[in-house]
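Please read these notes with the sequence and the model side by side. They take up a surface patch and then a group of paired strands.

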Amino acid sequence: MDNQRMFLFFALALTLMLLWQAWEQEQRPPPPAPVATSPVTANKDKEVPLPPSAGAPKTTVPARPEGVERGRRIKVVTDTLEARLDTYGGDLREVYLRKYPVSADTPDKPFPLLTDSGSTLFVAQSGLIGHEGHFPHHRTPFRAAADNYTLGPNQSELRVPLTWRAPDGVLYTKTYIFKHDSYVVDVEFHVDNRAKREWRGHFYGQLQRTHTDQGYSMFALPTYTGGAIYTPEDKYQKISFDDMVKKPLKRDSTGGWAAMLQHYFVGSWMLAKDERGAFYTDVLNGGRYVIGYKQLQPTTVAPGASGTLRASLYVGPKEQRRLKPLAEGMDLTVDYGWLTVLAAPLFWLLEWLHRFLGNWGWAIIVLTILIKAAFYPLSAASYKSMAHMKKVQPRLVALKARYGDDKQKLNQAMMELYKTEKINPLGGCLPILVQIPVFIALYWVLLESVEMRHAPWILWIKDLSAQDPYYILPIIMGVSMYAQQLMNPQPLDPIQKKVFMFMPLMFTGMFLFFPAGLVLYWVVNNVLSIAQQWQINRSIGVAVN
């Protein structure tokens, strides 16, 4: 098997992988229709229990057939977020990421991560539950002192309080705490126990969202939207919407987090390291899915005393510099797939280069050069093998003319020629095979890193995460690929030769839809390969046809 066949195999394998991905997404049935939790009757009102979990108390709240109720809106503005709370349940209903626009063409329109309007619902809910008494949950009507809150330039944090007085006299103050240059929102419940008995309660936090089919194409970004949890025992685990329908999640853990993921962004409730919690999922009417956790250890407040329950919520981009310090495993929400062991160091190096160069495009170019330098001995061996193959190409053509269609004698003569000239026809295969995992890992780095989103390079490239608007880079890639093939020994079979020469056109067509950052890597890699192969061909005395 010569290098042309190896390269053809890789190209066909990549094409089949993309076709399989598109077919699988197209044929995958939609998630089963969610069925709401079975209702129960209490005090003549139709109610639905919060998701139960072993060791955690259960309470009931009024049910709604679809959607979420709305109350009075409280607007909160910080340097990173524009948020809206709702007095109905005290939910965090809307979050706009001020430093992340919807598109590069609309820099003043912030990306909506959380929303309770339109076809896509994604909200953060929290509350308290217990066995006895009245507890504020995500359908409790709170009161707010003001409609607008803004984090000032000299403020480190902004507190937004919501209050509710229970029928038994207990006064609850639910406070959202927003911080400067942060996507972490702390939620604090202050319990002023004015009842005559001891108060015992548990905090719960959950994320609720719908799942809408966004459509797929062969060249669509392979992103994951769904739930995920992390526990110190079982580590990172995805909980898809299908999984939530098939079997509700019930898992106890000390520490960890529960999240809803989407491309580039994440919402996550995080437990303290020593906090014991029960993770759960639920499926509701209206195509709504829930993932969250409940504290297992109750907080107690004596009569006439007060106490506080507190939790942290992250709603923002998957910036690794922000995720790593938050909680163990939070950086795994940046999903590089099965090649994380290679992709993570590549991203670290890319980010390090960006700190010096200040531009992700130039960082990609320098990273490509470094990768090429690291593989220089392997690629040199490959190119030398191809150069020797090209040098004896006329003699191979003569052998084919001599033996015609007698493939057995032709192969015997070719093996004898390789032995005489000390040529290993497989010499160029191993270097290519070794480099394939590195390329795939970098592919995932460029697709999954939010740092690359809307990152400009030069001139017409305004977004390295989007396709080249004028298709200049893909065309350059196709030309460079064709030039590189001219430097390789050509297949003896005429049909194979035509297929092989058609490959640059096929790859150009595919790369028209790839992110510009990935195409930039391929272009630079091809140019470096051409330069290296030209130098090796020249040293061996091989000319380009």
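1. A patch is built from residues with over 30% relative accessible area and no salt bridge, where like charges are joined within 9 Å and nonpolar side chains (Val, Leu, Ile, Met, Phe, Trp, Tyr) within 5 Å. A salt bridge is a side-chain nitrogen of Lys or Arg within 4 Å of a carboxyl oxygen of Asp or Glu, and accessible areas follow the Shrake-Rupley method with a 1.4 Å probe, with only the protein chains shown counting as cover for residues.

2. The model is predicted, so local features need pLDDT of at least 70 and side-chain atom pairs count only at pLDDT 80 or more, while totals for chains, interfaces and linings use all residues. Residues are numbered from 1 along each chain as its sequence is written, and side-chain values use heavy atoms, leaving out hydrogens and water.

3. On the surface, Trp348, Trp352, Phe356, Leu357 and Trp362 form a nonpolar patch with about 590 Å² of accessible area together. Its largest share, four residues, comes from helix α4 (residues 340-357), helices being DSSP runs of H or I with at least four residues and strands runs of E with at least two, numbered from the N terminus. Trp352 lies in this helix and is partly exposed, at a relative accessible area of 35% (buried is under 20%, exposed over 50%, partly exposed in between).

4. Strand β13 (residues 184-192) is mostly covered, with eight of its nine residues buried. Strand β12 (residues 171-179) runs antiparallel to β13 and is joined to β13 by eight bridges (strands pair if DSSP finds at least two bridges between them). Phe178 stands opposite Val185 in β13.

5. Four residues separate β12 and β13 in their hairpin, and Asp181 in the turn has a positive phi of about 50°. β13 also pairs with strand β23 (residues 306-317), in the antiparallel sense over nine bridges, and there Leu309 in β23 is the bridge partner of Phe189.

Methods. Buried < 20%, exposed > 50% of the residue type's maximum accessible area, 1.4 Å probe, protein only.
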